[in-house]
Amino acid sequence: MPQSGGLTGSRLLLRRLRDVMAGGGSAQDRLNKVVTIIAADMVAEVCSAYVRRAGDVLELFATEGLKREAVHKTRLRIGEGLVGHIAAHPRPLALSDAQSHPNFAYRPETGEEVYQSLMGVPILHGGRVVGVLVVQNRTRRHYAEEEAEALETVAMVLAELVASGELVSPDEMRPIEGIGLLPLRLEGVALHKGLATGQAVLHEPRILLSQTVAEDPRQELERFRAAVAGMHNALDDMLAASDIADGGEHRDILESYRMFAADRGWLGRIAEAINSGLTAEAAVLKVKNDTRARMGQIVDPYLRERLLDLDDLANRLIQHLAGDVISQSADLLFNDVVLFARTMGPAELLDYDRDRLRGLVLEEGSPTAHVAIVARALDIPVLGRVPNALSYVESGDGVIVDADHEQLFIRPAEDIQQIYSESMQVRAQRQAAFVATRGLPADSRDGVRISLNINAGLLIDMLHLAESGADGVGLYRTEIHFMARHAFPDVAAQTDLYRKTLEQAGDRPVVFRTLDIGGDKLLPYWRGTGGENPAMGWRAIRIALDRPAMLRQQLRAMITAAAGRSLNIMFPMIADVPEFDAARRLFEIELDRARRLGAVLPADIKVGIMFEIPALAWQLPLLLPRVDFVSIGSNDLRQFLFASDRGNPQMSDRYDVLSPPMLGLLAELVRACGAAGVPLSLCGEMAGQPLEAMALIGLGFRSLSMSPSSIGPIKTMIRSLEADPLRRYLDRLLPQPVPSLRRQLRAYAQDHGVAI
Ligand code: PEP
Ligand code: MG
């Protein structure tokens, strides 16, 4: 490609395109000229521009080389033919023998059968495909990578023309349901449960670049450097000011994010695009588009998260270039803000006024995304994976986020609004009532004291301990902290975290569960888990026993952190007694080591297990004398008892925890632990549901651990319950051949005035 090779060539091409764009004539005339210039510049016989129209169709809008009569006639669906393939994936495609590609679709009206090779790139705007730009050659030409780069740069310029609305009305690009401003109900995945109402604020403003081609690249580079410096300073300020950045995981997240902002590869690619003739803004957008295209091909969750961080930084950089440093003027317009974003970085969420932020809706997102972790810490309901959410909503639209039922209402009708506002009022009243119970004991009406504890996983969760009035932390999921980081924390970092956790807990006990990774809990930097059936695969204690150094480091950190205090350690996913013995031996080795080094030891040590695997039920006589306590993980226990995947929505209602087999097993554990004098607790989701918790107390459980928001409702239930009559009722109820006892238990609660 002689003319366009090298910087000067591409700059010249961009200049020429800019002149065409700035010149007179209709948008169609300009597009016709553009394809002619590109074909000549790229030494291609054909250059065609396809534009996306309503109904997800790509229409040939201009061509140099194909038959003219095909213009506005040839149409391909997204995914159809090579052009549709490029739009569907969306990334560049270069083929020296295009006709042998499985997606090749011959359109006789175009006369393209004589062209052997093809190179095409998506025309992207705001992260969406708005068209496809293609060049074709008669011979079997091998297109170099730089040529695809050059064509992508040109596509940036065309994106602005298409997005200007002069070729196709912008309404056409909206999904059908978005037109007419009708109320809409969309579904997603709850990344953090809860209910929120408010006005929509679109996180990512639709950026319309006024200029894509630079007058003077040197000046653009200067602007770019100044903006990068400004962005770095702003991020540093944010790090310093962040009031939740008290050495916790959020600081880790922000720090690694700050590190990405200095990523040389990323900044280098933007500088390169500026050198090729784009304005600084257009260059940032181009690299952002490339990043998004790459993201589509990446399945590794860690890498995807990193690319999302870069996406987030690109938005930030553009705002600095525009001199409009995240003013959030939009969210200041409303008192109750529901934020909409395709995706979002953790720092961006913290930019918004937390007192007004009520909910978050993401087109993408996973429970392990950093933004979800931060939103959880701030207790904002998050609905993720809502396809095309941004295209259905306008800033200021009234919205209801019902993450409890994984749905979202946009511009809801009066009756829906009414229902939700009532349900929010009831919630607020209930919440106030729960707060009032904070200082009261969790005693049943007949004087049975229940120990209520919280499940935690991040330092910030520890704030809920005092707020909720719980007795302690019944389950500290240590893997959450590992999941929120970019690298495996060393012993010092772990010691620091466990020490802070214990300090925040004060006199209240904390049960640390050793790493439960594998299954659905993947560490971004840890490979080697998975397998066909990960929940039953190499996970938790199985990994720990095969990689003892990892477990020993964790135990060492816990022993050091608990110097002079109580230390409670719990091993997850124990399947047999020898596994417990092996894990305990590793603990003893670490304890001996600390002793030999003359360290201050924990004042009191308890080592227990999670009961999650049914096989343990037949090993109780050997197991119970060895353990200091047992905590039932009902989430996994239910999954393994019924061979029913806990993550599969089709299975979620199929087998009930309130069924005779599950309750029968739990009753047997209460009996056996009671007889052996081993403290028993339950820390799965079951403990946090009032009806389920009622049944557990009826079975004889005296200790439960749950998410902090459940403490109030459960305590209220307990204070309205008489435990002894319920025990007698359950004795009669259990031996029944029914799939669930839920209905009977609910009726019992209603008849006896139990607040469920
Ligand atoms: C459980 O399995 O019930 C449990 C508490 O552990 P996790 O949910 O972390 O697997
Ligand atoms: Mg479990």
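Leaving aside its neighbours within four places in sequence, with which residues is Met694 in contact? Taking contact to mean heavy atoms within 4.5 Å, Met694 touches Met717, Leu721, Leu726, Leu745, Tyr748, Ala749, Val754 and Ile756. This is a predicted model, in which local features need pLDDT of at least 70 and side-chain atom pairs count only at pLDDT 80 or more, whereas totals for chains, interfaces and linings use all residues. Residues are numbered from 1 along each chain as its sequence is written, chains are lettered from A and ligands numbered from 1 in the order in which they are written, and side-chain values use heavy atoms, with hydrogens and water left out.

Met694 belongs to the largest nonpolar core, which has 97 residues, and is listed with Phe571, Leu666, Phe701 and Leu745 as having the most contacts inside it. Such a core is a set of buried Ala, Val, Leu, Ile, Met, Phe, Trp, Tyr and Cys residues joined through side-chain atoms within 4.5 Å, where buried means under 20% relative accessible area, exposed over 50% and partly exposed in between, with a 1.4 Å probe and protein chains only. Helix H24 (residues 660–676) gives the most to this core, with 8 residues; helices (H or I, at least four residues) and strands (E, at least two) are DSSP runs numbered from the N terminus. At least three residues come from each of domain 4 (478–614) and domain 5 (629–749), the bounds being taken from an automatic or database domain assignment. A second, separate core of 65 residues includes Leu31, Ile38, Met156 and Val213.

The structure holds 7 aromatic pairs, counted when rings of Phe, Tyr and Trp (its six-membered ring) have centres within 6.5 Å, with planes under 30 degrees apart called stacked, over 60 edge-to-face and the rest tilted. The ring centres of Tyr476 and Phe512 are 5.5 Å apart and their planes stand at 65°, so this pair is edge-to-face. Because Tyr476 lies in strand E16 (residues 472–477) and Phe512 in strand E17 (residues 510–513), the pair ties together parts that are 36 residues apart in sequence. Both residues, Tyr476 and Phe512, are buried, and 6 of the 6 residues of E16 are buried as well.
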